[in-house]
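Have a look at the structure first, then read on.

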Amino acid sequence: GQGVPKQYVQQVLGGMGAELAAMLSEEAGGHVYVCGDARMADACVDAIKEAVHQFGKNEDGSGMSAMQAALVTTKLKRDNRLQFDVWGIMANVQESVEHFQKKRTQAAKEWLKKMHAHDDEEE
């Protein structure tokens, strides 16, 4: 309605990180079904990864790294607990490829930075 700020589903997911991480834990066994534009779906996956990273717990109770959160998200997809019905992939293919490449390049740079920091500690 009028006067109500526009909210996107990925923003709502981001605002419920603790609940989302708990729902998607192995114990709870929750499922997520994302339906809509492919770019929105990508943003939802990012929100899920961030929720798992910030609030998810390992079996020993420790927090999850960004890499562990990405692996959890991959497992959710593999186990059909994270499913998609999306459109707009071909219409946005060049933008999607560039976005993917940028994210992968950034992840690789962060990994290399961590490895160099680890090497520096050993010297």
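Cys35 has a relative accessibility of 45%, so it falls in the partly exposed class. For these labels, buried means under 20% relative accessible area, exposed means over 50%, and partly exposed is in between (1.4 Å probe, protein chains only). Cys44 is buried, at a relative accessible area of 2%.

## Where the model comes from

Keep in mind that this is a predicted model: local features need pLDDT of at least 70, side-chain atom pairs count only at pLDDT 80 or more, and totals for chains, interfaces and linings use all residues. Residues are numbered from 1 along each chain as its sequence is written, and side-chain values use heavy atoms, with hydrogens and water left out.

## Overall build

The protein has five helices and two strands, and from the N terminus on they run α-α-β-α-α-β-α. Those are DSSP runs numbered from the N terminus: helices are H or I with at least four residues, strands are E with at least two. Along the principal axes, the C-alpha atoms fill a box of roughly 60 × 40 × 35 Å.

Of the 123 residues in the protein, 22% are buried. The protein exposes about 9000 Å², with carbon and sulfur atoms supplying 56% of that; accessible areas come from the Shrake-Rupley method with a 1.4 Å probe, and for residues only the protein chains shown count as cover. Among contacts (heavy atoms within 4.5 Å) with a separation of 6 or more, 66% join residues 24 or more positions apart.

## The nonpolar core

The largest nonpolar core has 16 residues, and the members touching the most others are Leu20, Leu24, Val32, Val34, Ile48 and Leu82. β1 (32–37), α3 (38–55) and α4 (66–78) each supply at least two residues of this core, and α3 gives the largest share, seven residues. A core here is a set of buried Ala, Val, Leu, Ile, Met, Phe, Trp, Tyr and Cys residues joined through side-chain atoms within 4.5 Å.

What does Leu20 touch, leaving out residues up to four places away in sequence? Its partners are Leu13, Val32, Ile48 and Ala51.

## A patch on the surface

Trp111, Leu112 and Met115 form a nonpolar surface patch with about 300 Å² of accessible area together. Patch members need over 30% relative accessible area and no salt bridge; nonpolar side chains (Val, Leu, Ile, Met, Phe, Trp, Tyr) are joined within 5 Å, like charges within 9 Å. A salt bridge would be a side-chain nitrogen of Lys or Arg within 4 Å of a carboxyl oxygen of Asp or Glu. Trp111 belongs to helix α5 (residues 93–122) and is partly exposed, at 48% relative accessible area.

## Two loop residues

Asn80 lies in the loop between α4 and β2 (82–87). Its phi is positive, about 60 degrees, although Asn80 is not a glycine. Most residues other than glycine have a negative phi. Asn80 is partly exposed, with a relative accessible area of 46%.

Ser65 lies in the loop between α3 and α4 and is partly exposed too, with 32% relative accessibility. Ser65 and Trp87 are 22 residues apart in sequence and 31 Å apart in space, C-alpha to C-alpha.
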